[in-house]
Amino acid sequence: MQFDFFTLSEAHYKQRYQVGEISYHTLSGALSVLGQFRNFCTEVRRMEPPLAEGITKELLQQYKLFCLEKGNKQVTINRKLVPILLSLKKAGIGGLDSIYFPMRTRRYGQEAGRISPEDNELVHHLNDAQLRQLMQFGRNTRRKTARKALSLFFFSFHACGLRISDIVTLEWQHVDLRKARLSKVSVKTKSLITIPLSAPAIDILRRYKGLNRRFVFGLIPENTNLDDDAALAKAIDYRNRSVRQVLNGVGRRLDFPFPLGMHVARHTFAVKALNSTRLNVHMISRLLGHSSVLVTEKVYARFLLPTLANEVRKSLSFNEFVADF
């Protein structure tokens, strides 16, 4: 039995999300774009959902024109094309990159036609100087929204890269300040995560004590039903977008070379942890709540080499066995 292009593409993105390869934001964005293209094919073009082989350059050109007529900008259309072309490549159909509008974004120096949802998953992380800039901005700003967003960012950084979905749903019952740890079921992996809390993380938590009787950061109403997956996913996505918008504005003010979001805090923790010779990748994978150490190794592969080199020089030199002959 052959499945149509959309069925295969949606299954592919959902599988990538389930194994932790992409974020919920990337998944929902890709499914939304694929759904819009499906509607164009079935409702505008009156086609049956085509196989991958039926997605031609001509059809994609027609879709571009349709999007232009609806008022979409060229950069927006390029973004809409990305999940479609990535899915076609997965199906073994390539050579369609020329379909992109040949233009560049004004910021970050990337070709608009090459910006994909997966670019959200690049390991953008802050160095020590940038972290200090961010802390200083938080101390100086009078904007409550900026201070709140930065508190969430630094809590994620200090709480071993805790995901925004778990920050939004973090309840006081998950936190034990006396034992300095938090334990909760991860929204993404559905597995129990236990994170030791450092002094800076505890300090942030104490500042929010009493704000909300149930949820630590008061990002969702106290009566939120966490068992309603669809409503919860929508609430998390909304909060993530609003926090990302504020953080991105701060990042632009500080002239950071990439968009600032909550996932940058997670990446920053992971990279700094990997650069520490006191932690191995298995320990870091567990702290990050990855479903497998293979996910950690794949995402942070290029940061493992310096760590391994340092470990070899420090612990595996075996200097007492020098062949000095």
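Asp176 has Arg181 as its bridge partner in strand 2. Strands here are DSSP runs of E, at least two residues long, numbered from the N terminus. The model is predicted, so local features need pLDDT of at least 70 and side-chain atom pairs count only at pLDDT 80 or more, while totals for chains, interfaces and linings use all residues. Residues are numbered from 1 along each chain as its sequence is written, and side-chain values use heavy atoms, with hydrogens and water left out.

Strand 1 (residues 175-176) pairs with strand 2 in the antiparallel sense, over two bridges; two strands count as paired if DSSP finds at least two bridges between them. Four residues lie between the strands of this hairpin, and in it Ala180 has a positive phi near 55°.

Strand 2 also runs antiparallel to strand 3 (residues 192-196), joined to it by five bridges. Within that pairing, Lys184 stands opposite Ile193 of strand 3. The hairpin of strand 2 and strand 3 has six residues between the strands, and Lys190 takes a positive phi near 65° there.

In a regular strand the side chains alternate between the two faces of the sheet. Strand 2 spans residues 181-185, with Leu182 and Lys184 on its covered face and Arg181, Ser183 and Val185 on the uncovered one.

The cysteines are a separate topic. How many disulfides does a search of the whole structure find? The search finds zero, a disulfide being a pair of cysteine sulfur atoms within 2.5 Å. Cys41 is buried, at a relative accessible area of 0%, and Cys67 is buried at 2%. Buried means under 20% relative accessible area, exposed over 50%, and partly exposed in between, with a 1.4 Å probe and protein chains only.
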